[in-house]
Amino acid sequence: MLIIQNNEKLKELAKFGFEARYNEMTGKIVRYIKTDNRNVIRYIDNDYNHNPYWELSLQDDDLLYDLIKADLITKI
């Protein structure tokens, strides 16, 4: 699984065409979506998981390569 653990790096996602989507009830960012809607980065925070993270669901190999080169993602 590929994730973003460092929230400071989330600001750099805009350079790659991602836009923040907010929860209407809480106002918190819950996902980042690239304009083609095939590439999603979703916030995961389960009750049993004390280490929240951002999970990537990317359909574009070139984008994945660019994010790895930019040191934005890690593999767990």
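This is a predicted model: local features need pLDDT of at least 70, side-chain atom pairs count only at pLDDT 80 or more; totals for chains, interfaces and linings use all residues.

Reply: Happy to! Let's begin with a term: helices (H or I, at least four residues) and strands (E, at least two) are DSSP runs, numbered from the N terminus.

Residues are numbered from 1 along each chain as its sequence is written, and side-chain values use heavy atoms, with hydrogens and water left out.

First, the setting. The protein has six strands and one helix, and from the N terminus on the elements run β-β-β-β-β-α-β. The six strands form an open sheet, ordered S2-S3-S4-S5-S1-S6, with antiparallel pairing. At its edges are strand S2 (18-22) and strand S6 (74-75), each of which pairs on one side only. Two strands count as paired if DSSP finds at least two bridges between them. In general, strands of a sheet pair through backbone hydrogen bonds, either parallel or antiparallel.

Strand S3 (residues 29-34) and strand S4 (residues 40-44) are joined by three bridges in the antiparallel sense. Ile 33 stands opposite Val 40 in S4.

Is Asn 39 itself buried or exposed? Asn 39 is buried, because its relative accessible area is 0%; buried means under 20%, exposed over 50% and partly exposed in between (1.4 Å probe, protein chains only). Across the protein, 28% of the 76 residues count as buried.

What does Asn 39 touch? Leaving aside residues up to four places away in sequence, Asn 39 touches Phe 18, Tyr 32, Ile 33, Lys 34, Ser 57, Leu 58, Gln 59, Asp 60 and Leu 63. A contact here means heavy atoms within 4.5 Å.

One of these neighbours, Gln 59, has its backbone nitrogen 2.8 Å from a polar atom of the Asn 39 side chain. Such a polar contact is a pair of N or O atoms within 3.5 Å; within protein, one must be able to donate a hydrogen and the other to accept it, and residues adjacent in sequence count only if both atoms are side-chain atoms.

At the start of helix H1 (residues 61-69), a side-chain oxygen of Asp 60 comes to within 3.0 Å of the backbone nitrogen of Asp 62.
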